[in-house]
Amino acid sequence: MSALKQPPNTPDEIFIHIKPTKEFELLYFEIHQKIQLLDHAGVIRFLYNLLDDAEKDYYNTELLKITKKIVDTCIDDQLRI
């Protein structure tokens, strides 16, 4: 009896299983916590969109680092007022 061959995967069946790095998870959590300290709704929405983009972009740690700098600057500016 011959072995049954599996048909090749179609694009719909191919899944990329990428997990976030520890650095990504820590940055994501820190940024999420800091955003909650801000007052301006438009800025908060923009920053949450950046977090979502970083997550959707295969856990893009570099985008998170940029987002963290933006959040830190926003918090510093808010504290000065």
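Is Tyr-59 buried, partly exposed or exposed? Tyr-59 is partly exposed, with a relative accessible area of 25%. Here buried means under 20% relative accessible area, exposed over 50%, and partly exposed in between (1.4 Å probe, protein chains only).

This is a predicted model, in which local features need pLDDT of at least 70, side-chain atom pairs count only at pLDDT 80 or more, and totals for chains, interfaces and linings use all residues. Residues are numbered from 1 along each chain as its sequence is written, and side-chain values use heavy atoms, with hydrogens and water left out.

Start with the whole chain. It has three helices and zero strands. From the N terminus on, the elements run α-α-α. Helices (H or I, at least four residues) and strands (E, at least two) are DSSP runs, numbered from the N terminus. Of the 81 residues, 19% count as buried. The chain exposes about 6700 Å², and carbon and sulfur atoms supply 59% of that area. Accessible areas come from the Shrake-Rupley method with a 1.4 Å probe; for residues, only the protein chains shown count as cover.

Now turn to helix H3, residues 61–80. Its 20 residues reach 29 Å from the first C-alpha to the last, close to the 28 Å expected at 1.5 Å a residue. That expected span is 1.5 Å times one less than the number of residues. The buried residues of H3 are Thr-61, Leu-64, Thr-67, Val-71 and Ile-75. They cover an arc of only 105 degrees around the axis, which puts them on the same side of H3. The arc is that of the directions from the helix axis to the C-beta atoms. These buried residues pack against helix H1 (22–35) and helix H2 (41–56). The face turned away from the buried side carries the exposed residues Lys-69 and Arg-80. At the start of H3, a side-chain oxygen of Asn-60 reaches to within 3.1 Å of the backbone nitrogen of Glu-62.

Return to Tyr-59. A search of the whole structure finds two aromatic pairs (ring centres of Phe, Tyr and Trp, its six-membered ring, within 6.5 Å). The rings of Phe-24 and Tyr-59 have their centres 5.2 Å apart and their planes at 80 degrees, so the pair is edge-to-face. Planes under 30 degrees apart count as stacked, over 60 as edge-to-face and the rest as tilted. Phe-24 lies in helix H1 and Tyr-59 in the loop between H2 and H3, so the pair ties together parts that are 35 residues apart in sequence. Phe-24 is buried, with a relative accessible area of 3%. Phe-24, Tyr-28 and Tyr-59 form one aromatic cluster.

Note on methods
Contact means heavy atoms within 4.5 Å. A polar contact is a pair of N or O atoms within 3.5 Å; within protein, one must be able to donate a hydrogen and the other to accept it, and residues adjacent in sequence count only if both atoms are side-chain atoms.
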